[in-house]
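Please keep the sequence and the three-dimensional view at hand while reading.

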Amino acid sequence: MEAIKNRIIKSGTVNWKSFEFIQPDNFKDLSDEAYKKLKESITKNNFIESFKVWKDGKKLYCLDGYHRCKVLRNLENEGVEIPELLKADFIECSNKDEAAKLVLVYSSIYAKITNEGLLDLMNEYNLNIDDLGTFIDIPDINIDKIKQDIILAGQTKEDEFDPELPEKPKTKPGDIYELTSGKGMIHRIICGSSSDEEMYKKLFQDEQASMVFTSPPYNMSSNLYSNYKDNLEREEYINFILQVGSNIKSYLIPGGALFLNISYNKNAKSEYIDVVYKFMHELQFNLAETVVWYKKSGLPITNEKDLTRYFEYIYCFSNGNLEIRVEKNEYDLFAVLVDGYVEIVNKGSRKVKSNVWEIPVNAVQYEDLKACFPVKLPAEGIKLYSNPGNIIFEPFLGSGSTLMACEQLNRKCYAVELEPAYVDLSVKRLIKYVVGENQEYILKRNGKEFKF
Ligand SMILES: C[S@@+](CC[C@H](N)C(=O)[O-])C[C@H]1O[C@@H](n2cnc3c(N)ncnc32)[C@H](O)[C@@H]1O
């Protein structure tokens, strides 16, 4: 029987400056652009891949690492400190012809990265295309095209923001902000209670929302809020959420979807069941879907009676029959990215959308902001049941994740938040994001231009 043998004799350190090369200088063409990316990659990622070498008597031939050595030499000339000894794998070769054959083998690229595969990887691990684009160079992958595809596929990213709540917020109860981003999205945030109908009149005037995505306080008896009591009596809590639901109903278009993320906790074990029941039977919402948000982690609960909660429910109600008005379903587009081109294909090859959304919460856990959504969570709902340009309503804005998803997906966000400090934080977060995208913006508070 044939067998595979190990030709890596050993690994060790070598003086990379003593290398000899088998390949001629013109063996591979490294464009200025590609050289820049390789240099950027080495600077950013450091030395992460051992050289492949063949020791022939006193000579040390480098079989894989020609251009890396070139970059290292130039970096050293620029004053960058490079270790003299770097790691290498010693490969068994009987002569120079065999070594030359290996130079070709090491230069071969067998599998091709696909655009869709790259998008999936970036999505799962929060990789940022702007960052990657500066140092990866993959044949057949056109970064600009990928950026286009990301927009088409409705991908979002987790933005970095300052999670500190201001002690003396600039926002006062009743303030209304309007931020117009460079993309022309007009977002409105009002500081007040979403159980108060007046807030809706001021926010919406004669408009309506196409969709709602929200998570109310959980009545968990937390001390996270300064104006809101997170420890209401059972009936009082249920009625409060119901009042908000009733207000939402008046400002949600017929057929519009309402995503309500509400679950249980130690202090309120079953209130969410009453809320869901009453939304259906008192407010006459239809229960269209039940989604499980699998967070992949939870605050560890170490007592013997309770389980650590790794998931939460998201109920998707509809105002009348759910109408999916998505003209071009972004999931379809995502499913049919073929070599970077969007193709409309038949239903058989559609990617199906499951009711378990696996979105890790780790990336967005801040000490003071315990219930902060990952941006990707509201984004999932928004992509499913709304179109670009639509108004998405968020009655419990918190740190502004729904607002961020709206800006990234070209939707307008109208929002209510009771705590002035959270309003400050969300407005500043949006400004930081918009500025980071090199966009202009106009911010108005109570109708007048305002600077934060
Ligand atoms: C569960 S948090 C929402 C977190 C949000 N999804 C995020 O990503 O940060 C609930 C928010 O509702 C706010 N809130 C509490 N009572 C409110 C009310 N009556 N009207 C509007 N907002 C309220 C709280 O201040 C808190 O920011």
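**Helix packing around α12**

Helix α11 (residues 376–385) packs against α12 at an angle of about 50°, and the two axes are 8 Å apart. The model discussed here is predicted. The protein contains 13 helices and 18 strands, and 32% of its 452 residues count as buried.

*The pair α11 and α12*

- Two packed helices are described by the angle between their axes and the distance between the axes.
- The angle between α11 and α12 is about 50°, and the two helices are therefore oblique to each other.
- The crossing of α11 and α12 is right-handed.
- On the α11 side the contact involves Pro378, Ala379 and Ile382, which meet Ser401, Thr402, Ala405 and Cys406 of α12.
- By class, the contact of α11 with α12 comprises 5 nonpolar residues, 2 polar residues and no charged residues.

*Burial of α11*

- Is helix α11 enclosed by the rest of the structure or open to the outside? It is largely enclosed, because 10 of the 10 residues of α11 are buried.
- The buried residues of α11 include the charged residues Lys376, Glu380 and Lys383.
- Leu377, Gly381, Leu384 and Tyr385 are also among the buried residues of α11.

*The pair α12 and α13*

- The axes of helix α12 (residues 401–408) and helix α13 (residues 420–436) come within 10 Å and cross at roughly 25°.
- Because angles under 35 degrees count as roughly parallel, α12 is roughly parallel to α13.
- The crossing of α12 and α13 is right-handed.
- Helix α12 contributes Leu403, Met404 and Glu407 to this contact, while α13 contributes Ser426, Arg429, Leu430 and Tyr433.
- The contact of α12 with α13 has 4 nonpolar residues, 1 polar residue and 2 charged residues.

- An open sheet is formed by 11 strands in the order β14-β10-β11-β9-β8-β15-β16-β7-β6-β17-β18, and its pairing is mixed.
- Which strands stand at the edges of this sheet? They are β14 (356–358) and β18 (448–449); each has a single partner strand, so one side of each is left without a neighbour in the sheet.

- Strand β6 (residues 176–181) pairs with strand β7 (residues 186–191) in the antiparallel sense, over 5 bridges.
- Thr180 has Ile186 of β7 as its bridge partner.
- Helix α7 (residues 197–204) packs on the sheet and touches β6, β7 and β16 (412–417); the direction of α7 makes about 155° with that of β7.
- Helix α12 also packs on this sheet, where it touches β6, β7, β8 (209–214), β15 (391–394) and β16; the direction of α12 makes about 170° with that of β16.

*Strand β10 and its partners*

- Strand β10 (residues 286–294) runs antiparallel to strand β11 (residues 311–318), and 8 bridges join them.
- Asn286 has Ser318 of β11 as its bridge partner.
- Strand β10 is also joined to β14, by 3 bridges, and these two strands run parallel.
- Tyr294 has Glu358 of β14 as its bridge partner.

**The sheet of 5 strands**

- A further open sheet has 5 strands in the order β1-β5-β3-β4-β2, with mixed pairing.
- Its edge strands are β1 (8–15) and β2 (20–21), each of which pairs on one side only.
- Strand β3 (residues 51–56) and strand β5 (residues 85–91) run parallel and are joined by 3 bridges.
- Lys52 has Asp89 of β5 as its bridge partner.
- Helix α3 (residues 96–107) lies across β3, β4 (59–64) and β5, and runs at about 30° to β4.

- Lys269 is found in the loop between β9 (252–261) and α9 (271–281).
- Is Lys269 buried or exposed? Lys269 is exposed, because its count is 11 other C-beta atoms within 10 Å, and a residue with 12 or fewer counts as exposed.
- The C-alpha atoms of Lys269 and Met220 are separated by 9.4 Å, although the two residues lie 49 residues apart along the chain.
- Among contacts in the protein between residues at least 6 apart in sequence, 73% join residues at least 24 apart.

Key:
Residues are numbered from 1 along each chain as its sequence is written. This is a predicted model: local features need pLDDT of at least 70, side-chain atom pairs count only at pLDDT 80 or more; totals for chains, interfaces and linings use all residues. Helices (H or I, at least four residues) and strands (E, at least two) are DSSP runs, numbered from the N terminus. A residue is buried if 20 or more other C-beta atoms lie within 10 Å of its own, exposed if 12 or fewer, and partly exposed in between; C-beta atoms are placed from the backbone. Axes are lines fitted to C-alpha atoms, for helices over the stretch in contact, and angles run from 0 to 180 degrees between N-to-C directions. Angles under 35 degrees count as roughly parallel, over 145 as roughly antiparallel, 65 to 115 as roughly perpendicular and the rest as oblique. A crossing is left-handed if the near helix is turned anticlockwise from the far one by less than a right angle, and right-handed if clockwise. Two residues are in contact if their C-beta atoms, placed from the backbone, lie within 7 Å. Two strands pair if DSSP finds at least two bridges between them.
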